[in-house]
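Let's take a walk through this structure together, starting with its rings and ending with its loops.

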Amino acid sequence: MLSHRIVRFTACLAAFIPFTTQAEEQHWYNYDHLYFEAGTYIHYDPDEDHAGNRLFASLAAVKANDWFYGLALFNNSFDQFSQYLYGGKSWNFPGKFDAFHAKVTAGLIHGYKGKFKDKIPNNGEGVAPAIIPGIGYKKGRFGGDIYILGVSGLLFTAGIDF
């Protein structure tokens, strides 16, 4: 059982290591700018157990090569304070669609407890791995994204660089 936890933990950590093709030495903690996002989410199929506000906020450190890492804080669908520690990558579309982008994040979610512990997969010890894709639009310092929350719902955010 402990060896499964170690393997799972190591695999999740690997998602946070941004690979770079630049010749100069870069550390994972160096970043180009910060990006703050705030938003709300909806469910595809509402449940009578869903309660509380649906607020979401995150702060990501974005590298010049479009890799990023960050922390999101939110109330989950069951009104439990939750956190998502993640790393990810963004890809811009070329040509006249260059303001549009696709993103994917991978990380660890904490905060689904008690009788709602099994509402997210692989939440054995209160921490579950997650992969969250999204699409968005960003012009200048301002952006907006839509993230796909598995089979549960969609997250809508607005963000700003600083």
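First, a rule for rings: those of Phe, Tyr and Trp (its six-membered ring) pair if their centres lie within 6.5 Å, and the planes count as stacked when under 30 degrees apart, edge-to-face when over 60 and tilted for the rest. What you're looking at is a predicted model, where local features need pLDDT of at least 70, side-chain atom pairs count only at pLDDT 80 or more, and totals for chains, interfaces and linings use all residues. Residues are numbered from 1 along each chain as its sequence is written, and side-chain values use heavy atoms, with hydrogens and water left out.

Now for the rings themselves. Phe68, Tyr84 and Tyr86 are linked into a cluster by ring pairs. By the rule above, the count comes to seven aromatic pairs. One of them is Phe68 with Tyr86, an edge-to-face pair at 6.2 Å centre to centre with 70 degrees between the planes. Phe68 lies in strand β3 (residues 67-75) and Tyr86 in strand β4 (residues 81-92), so this pair ties together parts that are 18 residues apart in sequence. Strands here are DSSP runs (E, at least two residues), numbered from the N terminus.

Another edge-to-face pair joins Phe100 and Tyr137, 4.9 Å centre to centre and with 65 degrees between the planes. Phe100 belongs to strand β5 (residues 100-110) and Tyr137 to strand β6 (residues 127-139), so the pair ties together parts 37 residues apart in sequence. Phe100 is partly exposed at 38%, and Tyr137 is partly exposed at 38%.

Step back to the strands. Eight of them close into a barrel in the order β1-β2-β3-β4-β5-β6-β7-β8, with antiparallel pairing. Two strands pair if DSSP finds at least two bridges between them. Strand β1 (residues 33-43) and strand β2 (residues 55-62), for instance, pair in the antiparallel sense over eight bridges. Thr40 has Leu55 in β2 as its bridge partner.

Finally, look at the loops. Asp66 sits in the loop between β2 and β3, and has a positive phi of about 75 degrees although it is not a glycine. Asp66 is partly exposed at 30%. In the loop between β3 and β4 you'll find Asp79, whose phi is near 60 degrees, again a positive value in a residue other than glycine. Asp79 counts as partly exposed at 42%.

Notes. Helices (H or I, at least four residues) and strands (E, at least two) are DSSP runs, numbered from the N terminus. Buried means under 20% relative accessible area, exposed over 50%, partly exposed in between (1.4 Å probe, protein chains only).
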